[in-house]
Amino acid sequence: MASTSMIAGQPSPYTHQITLFLRSSDIGAERIAEALKVKDCSIATLHLFGNNIGDEGARHIAEALKVNRSITTLRLEVNSIGTEGARHIAEALKAKDCSI
């Protein structure tokens, strides 16, 4: 599997795996979520660990998960996601066609 890195939103031409180090936490998560909603996005693994993503960022990621079914692995540990954010992610993961 190809590995791709994005730092502060600078994309690489590969599509299978993305590891992100966001400087702006929820805003960065929102921007990544918008990119994940693009029709031809085929990212399989999304690592967002250690980015200080909070409930609002988790909500954006959850909305993207409802659209993007190519993601099979999602890592969100070491963030600031609370109960509300976890609820959003859990709801997205419960979808029948979710591939995670």
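**Exercise 1. Find the contacts of Ser25 in this predicted model, leaving aside neighbours within four places in sequence, and decide whether Ser25 is buried or exposed.**

*Solution.* 
Step 1: Start with the location. Ser25 sits in the loop that joins strand 2 (17-21) to helix 1.
Step 2: Set aside the residues within four places in sequence; Ser25 then touches Asn51, Asn52 and Ile53.
Step 3: Turn to accessibility. The relative accessible area of Ser25 is 17%, and the cut-off for buried is under 20%, so Ser25 counts as buried.

**Exercise 2. Work out how helix 1 and helix 2 are oriented to each other, and which residues make the contact.**

*Solution.* 
Step 1: Recall what to look for. Two packed helices are described by the angle between their axes and the distance between the axes.
Step 2: Read both values. The axes of helix 1 and helix 2 cross at roughly 5° and come within 8 Å.
Step 3: Classify the angle. Angles under 35 degrees count as roughly parallel, and helix 1 is therefore roughly parallel to helix 2.
Step 4: List the partners. Helix 1 brings Asp26, Ala29, Glu30, Ala33 and Leu36, while helix 2 brings Glu56, Gly57, His60, Ile61 and Ala64.
Step 5: Sort them by class. The contact of helix 1 with helix 2 holds 5 nonpolar, 2 polar and 3 charged residues.

**Exercise 3. Check the length of helix 2, then say which of its residues are buried and what they pack against.**

*Solution.* 
Step 1: Helix 2 has 13 residues, so at 1.5 Å a residue it should span 18 Å.
Step 2: The end C-alpha atoms of helix 2 lie 19 Å apart, which agrees with that expectation.
Step 3: The buried residues of helix 2 are Gly57, Ala58, His60, Ile61, Ala62, Ala64 and Leu65.
Step 4: Their packing partners are helix 1 (26-36), strand 4 (73-75) and helix 3.

**Exercise 4. How many salt bridges does the model hold? Describe three of them, with the accessibility of each partner.**

*Solution.* 
Step 1: Side chains of opposite charge can pair when their charged atoms come close.
Step 2: With a cut-off of 4 Å between nitrogen and oxygen, the count is 6 salt bridges.
Step 3: One of them pairs Lys37 with Glu34, the closest N and O atoms being 3.4 Å apart. Lys37 is partly exposed at 32% relative accessibility, and Glu34 is partly exposed at 43%.
Step 4: Arg75 and Glu77 form a salt bridge at 2.5 Å, N to O. Arg75 is partly exposed at 33%, and Glu77 is partly exposed at 35%.
Step 5: Glu91 and Lys94 pair at 3.0 Å, N to O. Glu91 is partly exposed at 41%, whereas Lys94, at 59%, counts as exposed.

Note on methods:
Residues numbered from 1 in each chain as written. Predicted model: local features only at pLDDT ≥ 70, side-chain atom pairs only at ≥ 80, totals over all residues. Heavy atoms only, no water. Salt bridge = Lys/Arg side-chain N within 4 Å of Asp/Glu carboxyl O. Buried < 20%, exposed > 50% of the residue type's maximum accessible area, 1.4 Å probe, protein only. Helix = DSSP H or I, 4+ residues; strand = E, 2+ residues; numbered from the N terminus. Expected span 1.5 Å × (residues − 1). Contact = heavy atoms within 4.5 Å. Axes fitted to C-alpha atoms, helices over the stretch in contact; angles between N-to-C directions. Parallel < 35°, antiparallel > 145°, perpendicular 65-115°, else oblique. Nonpolar A, V, L, I, M, F, W, Y, C, P; charged D, E, K, R; others polar.
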